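The following note sets out points for a colleague who is reading the structure alongside the sequence. Each point may be checked directly against the coordinates.

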Amino acid sequence: MTSINEFGDYETAWCPGCGNFSILKAVKKALTDSELRPHEILFVSGIGQAAKTPHYLNANVFNGLHGRSLPVATGAKLANPDLNVIVESGDGCNYGEGGNHFLAAIRRNINVTLLVHNNQVYGLTKGQASPTSSEGFVTKAQPDGTMSSPFNPVAVAVAMRAGFVARGFSGMIDHLSGLIQQGISHRGLAIIDILMPCVSFNKVNTLSWYKERCEPLPSSYDATDWTKAMGTAYEWGDKIPVGVIYKNNRPSFGERLPVLQQGALVDRDVNMTMVKQVMNGYK
Amino acid sequence: MGKNKRHILNILIGGEAGQGIVTVGNLLSKSLVRSGYSIVVTQDYQSRIRGGHNTFSIRVGTDKVVAPQEQADILVALDRDTVAFHRSYLSPNGLVVLDDSLDINDDSFLKVPFKEITQKKFSNIAALGVVCSLLGLNESLVSEMIGEALGGDEAGLSEENSRVFIAATAWTDINAPSSYRLATPVNTINGQLMMNGNEAIALGAIAGGMKFAAFYPMTPATSIVLNLVHHAKKLNLIVEQAEDEIAAINMAIGASFAGAPSMVATSGGGFALMTEGISLAAMTETPVVVAVAQRPGPATGLPTRTEQADLEFVLHAGHGEFPRAIFTPGTVEECFYLTSKAFEMAEKYQGPMFLLTDQFLADSYRAVAPFDIENSPKANPARPIDISSPYKRFEITENGISPRLFPGMTSNLVVGDSDEHTEDGHITEDLSVRKQMVEKRLRKGEGILEEVIPPDFRGEDASDILLISWGSSMGAVQEAAARLRSDGEKVATLHFSQVWPLSPGQFMNHLEGAHEVISIESNATGQFSRLIRRETGFHIKRKILRYDGLPLTPEYILEGLKQIQVSEAG
């Protein structure tokens, strides 16, 4: 049995009331419920307030560059598939700076859990529009309102038939924790877009704004129905559905790699006899 | 008869892309290497898949050949452009071998009735037959090679190729002069390999312990990773084509952080995208080997040609201050050993290490002695046994090197951060910690400096002329110097196979002892001579520079020296 206390309790750099606190709680609960020990987990994050989360719990951590957590996670998972690799970063990091990596990770279907703290605004750089900000969202950098239409990560992921696509809400900790736990056990890329308030810079999409709208999908919802899932992915209005929106059983990247069927790269030495054979092929 | 045989010859095969120039070039090169000869191959091709003018030139010698040559002794023209472009480079007693259907009237040409010998599609194999007969190579050895290389599943194709080859040699035996026969090789190396620079980099990487590589295709670096892919299953390697170069370097860093020695390979433009990742590798102290195969820039430049203009770029790439080493192989052998060495150094000093090569060396096949795989340098992840508790990934140490563990391999937690961090890897803005961490990272540079490979000095001290070179021009400079010495001039050479860091104590006496120092580089501004001045204060005033996309040759260097002498006399 893993105890939640193993993951520690640290002072953070977040504003009081930040949605990140609830997400951190849900993550720790999901790890405990998954019976994972701190050393079995590798968190990879980018830059932003969300990307600091791994510093506030006990685990292996690689806190890399803005937008680049998915490639780092991909490399680490391929080197050692026994690691439980979790990417944790924000909407700017994953959908803006790292947009190409998001698409490529879905196509690759690497066995990594992706947690995107989505508060629809840039927090660390003090309040510019993010890729998910709604049209017309006014900031100091976009005084006339954001003119670009918002990126819908859930719809894009479903359209690309990602293996596991979920939306959670920081105000529903137990529900979110359940999603994360399912994501961890999913074999392949598990995407969990997590709606959360930014108390300092998003005065539109506040905690109560989300609370009024976020509603768990009914138990009768069939997440394997792709056509239905496409519709669900676009529901964003008075009601925002949360839960597992789409899933399938695509084999993960690692499962398809013949080399990894022999074990983790990190455990094996290079076969110098074979290297010599390769060299002799040039005679 | 025997005394008229040739000891060194340059064969240039030219034609359109799609005519099988590279196939015939490879087959001829391998036939020569298996027959015990030494070769230097230069490939010049245009950035397109079909059409365009391409050449494959093989300089072959009975003794060690070290440099390419511009003049052709045998010019094999599979198209009219080859004659038009290269006829002026024919040596005084040179021979043009021509498809007689090309209808160029010149009695001095050896016009081969390719149409009679072959159907049009095998004209490259017919050309191979002609050259083999001209050189007097063992026909059964070449025939066997054709079977090996082109046999494959289509037995009929192999038979047809053999028939064409035999018919072409038979025709040539009767109709061609015998004055191009090669003498017997001297100093034959048993079981010599035929390998180009990029193949040797790939082999050096796997011998050095590489387990993971990520890349985005870019000429002229792509063949490094294609060679790795070719051997990946046998050697349990993972080689992943990333969505872009930014992803490639970050994947390599992720894999290395988790414990798999990793590399990336790219050219200037792709490396530009990677530079943020270089800085990340330095800050997180993650080993990564970066191979940069140079081509002429700026921007897309000349994608398939050669240059040495990214020295300053690689030297300064990545924001912030951190130590690095830059290896610049001068030969195919050095491509192998320096790549292995880069893996050893990356692992030892926990950071990015660079291998700077170029298109000329990347594509240049050579005959090389088999490498000492067992004793070549290895990435040797020192798994620390006594870990103080709690584990500190970035423990401050005297030499700057901290004990490195891999996540998940022990119960210790491994934390790395691109932010400035504490000894245990967590983000900090404690400015006294910042200062200590900067100093710790830079202390690793002192160790790297102690291990610098000294430049190779050849000749006598107090020479009249000292030629300075780095990277792939090594052979051209050494041959130019040898020719001058045989004319009685006092010429020495100083070649750098590692251009950073520089350890002036290793070479200042040579610079100061020479009457005149001349820097030879494939760039327009003399980047290396500028670096030497910055580091030592020594001003190299005279330079021979080449930046037309073609490799430095002994002829080019000798001509450059002549011009320097003329301008000084004037």
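1. In this predicted model, strand β8 (residues 212-215) of chain B is joined to strand β9 (residues 238-241) of chain B by four bridges, and the two run in the parallel sense. Within this pairing, A213(B) lies opposite V239(B) of β9(B).

2. Is β8(B) covered or open on its two faces? Both faces are covered: F212(B) and A214(B) are buried on one side, and A213(B) and F215(B) are buried on the other. In a regular strand, side chains alternate between the two faces of the sheet.

3. Helix α7 (residues 197-207) of chain B packs against α8(B) with an axis separation of 8 Å and an angle of about 40°. The two helices are therefore oblique to each other, and their crossing is right-handed. On the α7(B) side the contact is made by N198(B), E199(B), I201(B), A202(B), A205(B) and I206(B), and on the α8(B) side by S223(B), I224(B), N227(B), L228(B), H231(B) and L235(B).

4. As to the interface between the chains, 57 residues of chain B are in contact with 46 residues of chain A. The elements of chain B that each supply at least two residues to the side touching chain A include α7, β8 and α8, as well as α10 (268-283) and β15 (415-417). The largest share of that side, nine residues, is provided by α9(B).

5. An open sheet of nine strands, with mixed pairing, has the order β7(A)-β8(A)-β5(A)-β6(A)-β4(A)-β3(A)-β1(A)-β2(A)-β15(B). β7 (214-216) of chain A and β15 of chain B are at the edges with a single partner strand each, so one side of each has no neighbour in the sheet. From one strand to the next, the twist averages 20°.

6. Within chain A, strand β5 (residues 164-169) and strand β8 (residues 240-247) pair in the antiparallel sense over four bridges. F164(A) stands opposite K247(A) of β8(A). Helix α2 (residues 69-79) of chain A lies across β1 (41-45), β2 (60-63) and β3 (84-90) of chain A, and runs at about 175° to β3(A).

Key:
Residues numbered from 1 in each chain as written. Chains lettered and ligands numbered in written order. Predicted model: local features only at pLDDT ≥ 70, side-chain atom pairs only at ≥ 80, totals over all residues. Buried ≥ 20, exposed ≤ 12 C-beta atoms within 10 Å, placed from the backbone. Pairing = 2+ DSSP bridges. Axes fitted to C-alpha atoms, helices over the stretch in contact; angles between N-to-C directions. Parallel < 35°, antiparallel > 145°, perpendicular 65-115°, else oblique. Left-handed = near helix turned anticlockwise from the far one by under 90°. Contact = placed C-beta atoms within 7 Å.
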